[in-house]
Amino acid sequence: MGFDLAQHTSADLAVFNEKFSEFISGDFPEIEKVYHQLFQSKGKQLRPLLVLLTHRLFRQEISEQAYLAASLVEVVHMASLVHDDVVDMADFRRGKASIRSLFGNKTAVLAGDYMLTNAFLKAYDGNDSHLLLFLVDVIRKMSAGELIQLEYAGNPNADEVHYYRIIERKTAALFACCCQCGAHTAKAEPKDMNLVCEIGRKAGLVFQIKDDLLDLDMNTDSGKQYGNDLLEGKLTLPALYYVQNCTQAEKKDFFACLSALVESHNSSQNDPMKKNPDLDPLILRIKQSGGEEYAIKQAKRLSQEAWDAYRRLGRTSPAFEALLEQICQIR
């Protein structure tokens with residue numbers, strides 16, 4: 001039998017969830033309604049786990065400061081999703097109604113802002129200026145990633161350089177921050193902190209490429225809407241492979257079709273529950289070009305780099321390894 005990560009971490013997560021509930025409680029009723037909707041489905045809690053298991057690489061017992069750090073990164077992650085759904089005008093998040101669709105854009109934006117500023121105050125109250133600095137830095141990076149993504153959505157000039165600039169900031173930065181927080185709260189040496197940040201960064205890149213691949217999978221049970229990235233004009237790695245390797249005529253036609261697809265998706269007459277018939281032909285082009293295989297190859301390369309960094313760390317943790325395997329596992 002393999003290592004049972006869920007069983008091994010259940011006690012730590014139970015403590016975390018109790019502390020996290022305290023972390024977000026005691027606010028006014030309006031924000032608690034948003035919290036209740038947002039946190040009723042905990043998901044895999046990868047980011048808090050990454051903080052806690054990185055911490056355990058250097059210290060046997062999990063400190064209060066580590067639980068605080070795990071709560072902080074979870075709030076940053078959830079607030080970013082609330083804001084992302086406003087930017088993307090998304091009515092659903094992994095098959096469930098988004099905050100903006102339930103409460104409106106104004107409430108969603110303000111709730112996300114409140115969550116972030118409240119996290120800043122909790123970090124400050126924790127008497128750890130480093131945690132506050134880590135948070136501010138990662139939010140800055142994530143915001144920059146969103147801005148770059150907006151600039152290159154549906155843009156024929158987009159390429160892999162822009163793509164990696166986006167996902168380095170939008171996704172990988174937070175994974176690196178989780179490892180940074182875990183190592184910091186365990187008082188790890190600077191060289192070890194740099195290594196775990198590298199592990200987190202590479203794992204975050206793999207995680208995002210895997211998410212890109214789900215966009216092309218009609219049969220996925222992940223909850224992600226099929227073709228959603230294309231419907232929003234986002235050019236993920238498989239799509240970029242296609243546009244960088246097709247003829248100029250094919251590229252021009254692809255972007256014309258993509259523009260029409262996005263316009264139809266954003267139309268007030270659009271039914272979000274009904275699949276757009278123009279979506280399948282674009283996805284078929286990407287698949288036939290070898291875009292999926294190329295993305296898988298890049299994800300495997302980055303996964304190997306994450307594992308290489310872990311081996312250089314010179315520490316052994318079956319739980320951390322199981323989590324890294326879960327994040328980086330490629331189909």
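This note goes through the core, the salt bridges and some individual residues of a predicted model.

1. Basis. The model is predicted, so local features need pLDDT of at least 70 and side-chain atom pairs count only at pLDDT 80 or more, whereas totals for chains, interfaces and linings use all residues. Residues are numbered from 1 along each chain as its sequence is written, and side-chain values use heavy atoms, with hydrogens and water left out.

2. Nonpolar core. A nonpolar core is a set of buried Ala, Val, Leu, Ile, Met, Phe, Trp, Tyr and Cys residues joined through side-chain atoms within 4.5 Å, where buried means under 20% relative accessible area, exposed over 50% and partly exposed in between (1.4 Å probe, protein chains only). The largest such core has 112 residues, of which Ile209, Leu230, Phe254 and Leu324 touch the most other members. Helix 4 (residues 64-87) gives the most to this core, with 14 residues; helices are DSSP runs (H or I) of at least four residues, numbered from the N terminus.

3. Leu261. This residue has its place in helix 12 (residues 248-266) and counts as buried because its relative accessibility is 1%. Its contacts (heavy atoms within 4.5 Å), not counting residues up to four places away in sequence, are Leu230, Leu231, Asn276, Asp278, Leu279 and Leu282. Leu261 and Leu231 are 30 residues apart in sequence, yet 6.2 Å apart in space, C-alpha to C-alpha.

4. Salt bridges. With a salt bridge taken as a side-chain nitrogen of Lys or Arg within 4 Å of a carboxyl oxygen of Asp or Glu, the count comes to 18. Lys202 and Glu305 meet in one of 2.6 Å, N to O; Lys202 lies in helix 9 (residues 190-214) and Glu305 in helix 14 (residues 291-313), so the pair ties together parts that are 103 residues apart in sequence. Lys202 is buried, with a relative accessible area of 11%, while Glu305 is partly exposed at 26%.

5. A second bridge and a network. The side chains of Asp253 and Arg285 form a salt bridge of 2.3 Å, N to O, and this pair links distant parts of the chain, with Asp253 in helix 12 and Arg285 in helix 13 (residues 279-288), 32 residues apart. Elsewhere, salt bridges that share partners join Glu168, Glu198, Arg201, Lys202, Arg301 and Glu305 into one network.

6. Arg100. Arg100 is found in helix 5 (residues 99-103) and, at 15% relative accessibility, counts as buried. Among the residues that Arg100 touches are Asp85, Val86, Met89 and Asn105.

Conventions:
Helix = DSSP H or I, 4+ residues; strand = E, 2+ residues; numbered from the N terminus.
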